[in-house]
Amino acid sequence: MGRSEGRLAGKVALITGAARGQGEAEARLFAAEGAKVVIADVLSEAGQEIAADLGDDALFAHLDVTDEQRWVAVIDAAVERFGGVDVLVNNAGIFRPGGVADQTLADYHAVIGVNQVGCFLGMRAVVPAMRTRGGGAIVNISSVSGIYGVPNVISYVASKFAIRGMTRAAAVELGPDGIRVNAVFPGPVATDMLNPGKPGIVPDGLPPLPLGRAARPEELANVVCFLASDDSSFCTGGEFVVDGGRTAGPMSPSYAVQSALESAALESAQ
Ligand code: NAD
């Protein structure tokens, strides 16, 4: 597909955490849909390989999303190479297990730093460039852990709930500038984060969910692409759940048994 065709033709997109997993899938789809793509990550080798694969339409930029000075430099590099920035996907994220009573402060700060502060720094850095272009689209990647409580991952849950709030606040604030801000809430996705060192292989013991499987990264990329494109031109402050039905309702056998008993009791009462 040529640069003048596709759902993102003419747009410049910066994607964090794009050296693997969902970010990589987004970078590849965005390029196929006509965008110029900045692949930003701390993983230089993997990021450079993807950029080389995508050719002249891609640029790798080393970025630790917690580094406010690097953010400014990377936006400047995108503007210099491609003329501006229209789309930011705040996708970079880390996960450190630990409950309320046992998570170390260092791990708590690390997760909040990348997932929450990184998202804030990204939005702050990109807004001037988007204002220059007369608008833009920001997509923040939260999680179903930003919708309900999950035990033993207190920092991750806190950071993903924060993304939900920041997305709404930014949408209200930036709407008049033509900048749309939406959040995506993935359920389990078969990446390194779900199964370290074995992306694509779903670990045992995943709780059941209605669609019965984890997502492929491309299934998230499709929704993110929609939110980055003009197809979603009236969406802002939105919350897009891509979770195979995880948050639709509980699926535990005890719940099913209880529902059946309640239905039987209702029938006999009629
Ligand atoms: P992943 O671990 O494969 O990818 C995360 C990427 O972020 C990696 O490339 C990593 O190098 C990068 N990254 C980490 N710290 C960084 C930093 N400080 N600066 C820049 N880049 C950094 O996992 P993924 O599943 O592709 O995760 C993408 C997003 O989706 C994350 O925000 C994650 O929290 C979220 N998410 C994942 C799942 C899942 O089951 N995999 C579920 C819900 C939400």
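Which residues lie nearest the centre of the largest pocket? In this predicted model, the residues nearest the centre of the largest pocket are F95, Y156, T191, M193 and L194, which belong to a lining of 47 residues. The volume of this pocket amounts to about 1300 Å³. Two elements, helix 1 (21-32) and helix 5, each give two or more residues to the lining of the largest pocket, and the largest share, three residues, is that of helix 1. When the lining of the largest pocket is divided by class, 27 residues are nonpolar, 14 are polar and six are charged.

Rolling a probe the size of a water molecule over the atoms shows where empty space is left. Across the whole structure, one cavity of 30 Å³ or more is found, and the space in the largest cavity comes to about 60 Å³. The lining of the largest cavity consists of T16, V65, N90, N91, A92, V114, N115, G118, C119, I141, K160 and I163. Helix 4 and helix 5 (154-174) are the elements that supply two or more residues to this lining, with helix 4 giving the most, namely four residues. In terms of class, the lining of the largest cavity comprises six nonpolar residues, five polar residues and one charged residue.

Helix 4 also takes part in a packing arrangement with helix 3. The axes of helix 3 (residues 68-82) and helix 4 (residues 105-133) come within 10 Å of one another and cross at roughly 40°; helix 3 is therefore oblique to helix 4. The crossing in which helix 3 passes helix 4 is right-handed. On the side of helix 3, the contact is made by E68, W71, I75 and V79, and on the side of helix 4 by G118, L121, G122, R124, A125, V126 and A129. The residues of this contact between helix 3 and helix 4 fall into seven nonpolar, two polar and two charged.

Note on methods: Residues numbered from 1 in each chain as written. Predicted model: local features only at pLDDT ≥ 70, side-chain atom pairs only at ≥ 80, totals over all residues. Heavy atoms only, no water. Axes fitted to C-alpha atoms, helices over the stretch in contact; angles between N-to-C directions. Parallel < 35°, antiparallel > 145°, perpendicular 65-115°, else oblique. Left-handed = near helix turned anticlockwise from the far one by under 90°. Contact = heavy atoms within 4.5 Å. Nonpolar A, V, L, I, M, F, W, Y, C, P; charged D, E, K, R; others polar. 1 Å grid on protein atoms, 1.4 Å probe; cavity = no way out; pocket = protein on both sides within 12 Å on 5 of 7 lines; lining within 4 Å. Points joined across faces, edges and corners; volume = space filled by probe spheres on them.
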